[in-house]
Amino acid sequence: MAIRAILLVVAYIVDRIVGDPRRLPHPVVWMGKAIVAVERAIRRFAGPGRQLKLAGMLLPLLLAGGSFAIVWLVLALLARIHPWLAWGAEAWLISTTIAAKGLKDAGMEVYRHLASGRLPEARRSLGMIVGRDTGKLDEPEIVRGTVETVAENIVDAIVSPLFYAAIGGAPLAMAYRAVNTLDSMVGYKNDKYLHLGWASARLDDIANWIPARLTAVLLTLAAFLRRLDAARAWRTVRRDANLHPSPNSGWPESAVAGALGVRLGGLNMYKGVASFRAYMGDPVHPLRADHIRKAARLMLDVATLFALVCAAALLGLDLLR
């Protein structure tokens, strides 16, 4: 337990400093390629409808289960060579499941463009991290999209990986990342993935259920520490969290909306098709670029708090053994 606590903190520090260097191979890239290969194989042998739905259960079983098994086996082999080699590999692998630096950098890139008055560049940067159409958005809508994305991804980019790393080390953290990658690639309710991706989407919802609610609590605490409106953050969570179509995304989004005193949600366009998302929070303040910076600070505060909480819990359990 004590070693896992140290590895978790080291992994978090590595992510905050290094992030995801483009020159180094990333496990998520390998996962994406594996998902494409398995999907092709399934579609080759499974018919439409019920067959495809049953076959869709193989995706999380093969990808998440396979990720867990491969990482466990690699670490076990490295441990036979030398424990320090296994510990170093595990810290690095856990760091690849966390994306605090990447999320901060993506949000702050949009912020810097807006702060410099470069609206077209801000739209393009936002378009790299959201699925909605961004080509005609004005500044408040760009801010809304960025704040929503930063808030929502606190769960699957930070809290959930740390949560599962604390429970099961790098193998379980990597299995979670496989589930999350599956959801982002096949977890859509459209004609192509309605049957094939249902199990992956449902498993992702289940995996993020506890971390999403922990995130809302941590965001409220971070708002208090930042001298923002923590009371309003928690009231907004209780009132608005379940209005979101996702069972989990509404928790961090509503907490951030309440802490910042802004209203999130509204009308989005996806490839020209309008989609209205329920409002979260109250428009106490108009949306402005500085809200992106504040949301990024809250995100980093939550990341640091939860890394320390996980490490402290593991050390406490180690003392009790």
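The legends below accompany close-up views of a predicted model.

**View 1. Helices H6 and H7 pack against each other as a roughly antiparallel pair.** Helix H6, which spans residues 100-115, and helix H7, which spans residues 119-127, have axes that come within 8 Å and cross at roughly 170°. Because angles over 145 degrees count as roughly antiparallel, H6 and H7 are described in that way, and the crossing of H6 past H7 is left-handed. On the H6 side the contact is made by Glu109, Val110, His113 and Leu114, while H7 contributes Leu119, Glu121, Ala122, Ser125 and Leu126. Sorted by class, the residues of this contact between H6 and H7 are five nonpolar, two polar and two charged.

View 2. The crossing in which H8 passes H11 is right-handed. Val147, Glu148, Ala151, Glu152 and Val155 of H8 make the contact together with Pro252, Glu253, Val256 and Leu260 of H11. In the contact of H8 with H11 there are six nonpolar and three charged residues, and no polar ones.

**View 3. Helices H9 and H10 form a contact without charged residues.** H9 and H10 pack with their axes 8 Å apart and at an angle of about 160°, which makes H9 roughly antiparallel to H10. H9 passes H10 in a right-handed crossing. From H9, the residues Ala216, Val217, Thr220, Ala223 and Phe224 meet Ala230, Ala233, Trp234 and Val237 of H10. Eight residues of the contact between H9 and H10 are nonpolar and one is polar, with no charged residue among them.

**View 4. Helix H10 has its buried residues along one face.** Within helix H10 (residues 230-240), the buried residues are Ala230, Arg232, Ala233, Thr236, Val237 and Asp240. When H10 is seen down its axis, these buried residues fall within an arc of 160°, so they line one face of the helix. In general, an α-helix has 3.6 residues a turn, so residues three or four places apart point the same way. The buried residues of H10 pack against helix H9 (198-225), helix H11 (250-260) and strand S2 (273-280), whereas Arg235 and Arg238, on the other side of H10, are exposed.

**View 5. Threonine 215 is a buried residue of helix H9.** Threonine 215 lies in helix H9 and has a relative accessible area of 0%, so it is classed as buried. Leaving aside residues up to four places away in sequence, threonine 215 touches Ile154, Val155, Val159 and Pro252.

**View 6. Isoleucine 42 is buried in helix H2.** Helix H2 covers residues 27-45 and includes isoleucine 42, which counts as buried at 8% relative accessibility. Not counting residues up to four places away in sequence, isoleucine 42 touches Leu52, Ala55, Leu58, Leu59 and Leu196. Isoleucine 42 and leucine 59 are 17 residues apart in sequence, and their C-alpha atoms are 8.8 Å apart in space.

**View 7. Arginine 227 and lysine 271 are loop residues with positive phi.** Arginine 227, in the loop between H9 and H10, has a positive phi of about 60° although it is not a glycine, and at 80% relative accessibility this arginine counts as exposed. Lysine 271, in the loop between strand S1 (264-270) and S2, is likewise not a glycine and has a positive phi of about 55°. With 82% relative accessibility, lysine 271 counts as exposed.

**View 8. Arginine 263 is partly exposed in the loop between H11 and S1.** The relative accessible area of arginine 263 is 34%, so this residue is classed as partly exposed. Arginine 263 touches Arg144, Tyr279, Met280, Gly281, Asp282, Pro283 and Leu287, when residues up to four places away in sequence are not counted. The C-alpha atoms of arginine 263 and threonine 149 are separated by 14 Å, with the two residues 114 residues apart along the chain.

Notes: Residues are numbered from 1 along each chain as its sequence is written. This is a predicted model: local features need pLDDT of at least 70, side-chain atom pairs count only at pLDDT 80 or more; totals for chains, interfaces and linings use all residues. Side-chain values use heavy atoms; hydrogens and water are left out. Axes are lines fitted to C-alpha atoms, for helices over the stretch in contact, and angles run from 0 to 180 degrees between N-to-C directions. Helices (H or I, at least four residues) and strands (E, at least two) are DSSP runs, numbered from the N terminus. Angles under 35 degrees count as roughly parallel, over 145 as roughly antiparallel, 65 to 115 as roughly perpendicular and the rest as oblique. A crossing is left-handed if the near helix is turned anticlockwise from the far one by less than a right angle, and right-handed if clockwise. Contact means heavy atoms within 4.5 Å. Ala, Val, Leu, Ile, Met, Phe, Trp, Tyr, Cys and Pro count as nonpolar, Asp, Glu, Lys and Arg as charged, and the others, Gly among them, as polar. Buried means under 20% relative accessible area, exposed over 50%, partly exposed in between (1.4 Å probe, protein chains only). The arc is that of the directions from the helix axis to the C-beta atoms.
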